[in-house]
Amino acid sequence: MRLIMMGPPGAGKGTQAKFVAEHFGIPAISTGDIFRANVSKGTPLGVKAQGYMDAGEYVPDEVTNLMVRNRIDEDDATPGFLLDGYPRTLAQVEELDGMIKFTGHSLDAVVVLTVDAEEIVQRLLQRAEVEGRADDTEDVIRRRQEIYTEQTEPLIDVYRGRGLLIEVDGMGEVADVTERIFAALDTVAQS
Ligand code: ADP
């Protein structure tokens with residue numbers, strides 16, 4: 001399975017990505033997590049990414065693309081993968097198409113979690129308290145939402161046009177959302 005998990009910041013992508021990846025026995029690849037790990041270790045990649053992340057901006061495509069390319073080249077991603085937080089720009093969509101084509105496979109589905117805006121701000125502010133992420137302040141949250149609307153939302157139509165889009169209601173209990181995703185994806189897995 002080659003899957004993408006999409007949704008606005010705070011939609012619950014990371015939480016759901018882990019369950020879905022486990023269900024299908026594939027790695028969940030979160031670009032946000034990889035960036036954060038590099039920032040905390042102070043690697044050259046982390047140094048490049050940190051300023052953008054703290055401001056709620058996207059890390060430049062060439063940095064992100066190379067990082068994803070290297071990650072999906074690893075052995076554990078041979079049977080498939082679930083991408084969380086990538087692609088986020090139209091240029092990244094093209095880049096990913098090339099990477100997948102190169103392996104002789106294709107994308108199976110793109111899951112989009114839909115959550116209303118009010119709920120999202122509440123979740124992110126709560127996460128700020130629990131995890132203390134540097135980019136979960138109110139100003140930066142707003143900036144991340146703007147960038148999502150400008151740069152990432154258009155990807156939804158692209159994948160809908162390819163017949164790959166699965167929209168899932170991301171509101172309510174975590175376990176209920178997981179059930180909805182599994183129900184939608186099991187039909188894909190069988191096809
Ligand atoms: P969110 O909770 O907002 O979905 P993530 O944890 O996925 O955030 O990502 C955190 C930050 O990492 C983003 O705001 C951005 O700066 C950077 N980042 C993650 N994925 C990408 C990407 N595909 N392209 C550019 N920047 C990215």
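**Close-up views of a predicted model**

**View 1. What the buried side of helix α2 packs against.** In this predicted model, the buried residues of α2 are in contact with β2 (28–30), α3 (44–55), α4 (61–72) and β3 (81–84). Helix α2 itself covers residues 31–41, and its buried residues are T31, G32, F35 and N38. Looking down the axis of α2, you will find these buried residues within an arc of 130 degrees, so they line one face of the helix. As a handy reminder, an α-helix has 3.6 residues a turn, so residues three or four places apart point the same way.

**View 2. The other face of α2, and what follows the helix.** Turned away from the buried side of α2 is a face that carries S40 and K41, both exposed.

**View 3. Helices α7 and α8 packed together.** Here α7 (residues 138–152) packs with α8 (residues 154–161) at an angle of about 35 degrees, and the two axes are 5 Å apart. From α7 come Y148, T149, E150, Q151 and T152, which meet P154, L155 and I156 of α8. Sorted by class, this contact holds four nonpolar, three polar and one charged residues.

**View 4. The largest cavity and its lining.** Searching the whole structure turns up one cavity of 30 Å³ or more, and the largest cavity holds about 50 Å³ of space. Its lining is made by I4, M5, M6, G7, K13, G85, Y86, P87, R88, Y148 and T152. Two elements, β1 (2–6) and α7, each give two or more residues to this lining, with β1 giving the most, three residues. By class, the lining has six nonpolar, three polar and two charged residues.

Key:
Residues are numbered from 1 along each chain as its sequence is written. This is a predicted model: local features need pLDDT of at least 70, side-chain atom pairs count only at pLDDT 80 or more; totals for chains, interfaces and linings use all residues. Side-chain values use heavy atoms; hydrogens and water are left out. Buried means under 20% relative accessible area, exposed over 50%, partly exposed in between (1.4 Å probe, protein chains only). Helices (H or I, at least four residues) and strands (E, at least two) are DSSP runs, numbered from the N terminus. The arc is that of the directions from the helix axis to the C-beta atoms. Contact means heavy atoms within 4.5 Å. Axes are lines fitted to C-alpha atoms, for helices over the stretch in contact, and angles run from 0 to 180 degrees between N-to-C directions. Ala, Val, Leu, Ile, Met, Phe, Trp, Tyr, Cys and Pro count as nonpolar, Asp, Glu, Lys and Arg as charged, and the others, Gly among them, as polar. On a 1 Å grid over the protein atoms alone, a cavity is a set of points where a 1.4 Å probe fits but cannot get out, and a pocket is an open set with protein on both sides within 12 Å along at least five of seven lines; lining residues have an atom within 4 Å of a point. Grid points are joined across faces, edges and corners, and a volume is the space filled by probe spheres set on the points.
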